[in-house]
Amino acid sequence: MTTQELCQKAVEMIKMAYVPYSHFRVGAAVECDDGTVYTGCNIENAAYTPTNCAERTAIFKAVSEGHLRFRRIAVAAQTEDFTAPCGVCRQVMMEFSPDMEVLMVNVRGDVKTVPLRELLPCGFDKSSLKDVK
Ligand code: THU
């Protein structure tokens, strides 16, 4: 899938966002290592903390279908600025694919690509757990 197609899938998911509290719509599309793509949107909750970001919705859909390695994730929001994934989503990405890329899409359709390692330097991952003395 081309970068433009992946970003378009994320943009299309904006309309599925369930955002009665923030009204901040986000769509995401994650590309697995075999090229399969899963999409997601943010899903909010009256109790606030159960809210799931678009990125995690897409990744959890993929993982629940047996995909554990990702090349890229596109994240689209209706903002002039590029919307970067929250820390929790960065950590979830790190769990599966520390070397994946994050593509941020703004309301104009401009795309900014940043490696996950740049968004989450010195991240905690499964190798960190092996170092107990
Ligand atoms: N949100 C996402 O879905 N992804 C991001 O990258 C940033 C934040 C959602 C969570 C919440 O529903 C709303 O945006 C406002 O924080």
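Me: Let's start with the pocket, how much space lies in the largest one?
Reply: The largest pocket of this predicted model holds about 190 Å³ of space, and its lining is made up of 15 residues.

Me: Which residues lie nearest its centre?
Reply: Those nearest the centre of the largest pocket are Phe-24, Val-26, Asn-42, Cys-53 and Glu-55.

Me: And which helix gives the most to the lining?
Reply: That is helix H2, spanning residues 54-64, which contributes 3 residues to the lining of the largest pocket.

Me: What does the lining have by class?
Reply: Sorted by class, the lining of the largest pocket comprises 8 nonpolar residues, 4 polar ones and 3 charged ones.

Me: OK, moving to the core, how many residues has the largest nonpolar one?
Reply: The largest nonpolar core has 24 residues, and the ones with the most contacts inside it are Val-30, Ile-59, Phe-70, Ile-73, Met-93, Met-100 and Val-102. Two or more residues each come from strand S1 (26-32), H2, strand S3 (70-77), helix H3 (87-96), strand S4 (101-105) and helix H4 (116-119), with H3 supplying the largest share, 5 residues.

Me: What does Ile-73 touch?
Reply: Setting aside residues up to four places away in sequence, Ile-73 touches Ala-28, Ala-29, Val-30, Glu-55, Ile-59, Met-93, Met-100, Glu-101, Val-102 and Leu-103.

Me: What is Thr-39 in contact with?
Reply: Once its neighbours within four places in sequence are left aside, Thr-39 is in contact with Lys-9, Met-13, Ala-28, Ala-29, Ala-58 and Lys-61.

Me: Last topic, how many disulfides does a search of the whole structure find?
Reply: A search of the whole structure gives 0 disulfides. For Cys-32, the nearest cysteine sulfur belongs to Cys-7 and is 16 Å away, whereas for Cys-122 the nearest cysteine sulfur belongs to Cys-86 and is 19 Å away.

Me: And Cys-122, buried or exposed?
Reply: Cys-122 counts as exposed, at 82% relative accessibility, while Cys-32 is buried, with a relative accessible area of 0%.

Terms used. Residues are numbered from 1 along each chain as its sequence is written. This is a predicted model: local features need pLDDT of at least 70, side-chain atom pairs count only at pLDDT 80 or more; totals for chains, interfaces and linings use all residues. Side-chain values use heavy atoms; hydrogens and water are left out. On a 1 Å grid over the protein atoms alone, a cavity is a set of points where a 1.4 Å probe fits but cannot get out, and a pocket is an open set with protein on both sides within 12 Å along at least five of seven lines; lining residues have an atom within 4 Å of a point. Grid points are joined across faces, edges and corners, and a volume is the space filled by probe spheres set on the points. Helices (H or I, at least four residues) and strands (E, at least two) are DSSP runs, numbered from the N terminus. Ala, Val, Leu, Ile, Met, Phe, Trp, Tyr, Cys and Pro count as nonpolar, Asp, Glu, Lys and Arg as charged, and the others, Gly among them, as polar. A nonpolar core is a set of buried Ala, Val, Leu, Ile, Met, Phe, Trp, Tyr and Cys residues joined through side-chain atoms within 4.5 Å. Buried means under 20% relative accessible area, exposed over 50%, partly exposed in between (1.4 Å probe, protein chains only). Contact means heavy atoms within 4.5 Å. A disulfide is a pair of cysteine sulfur atoms within 2.5 Å.
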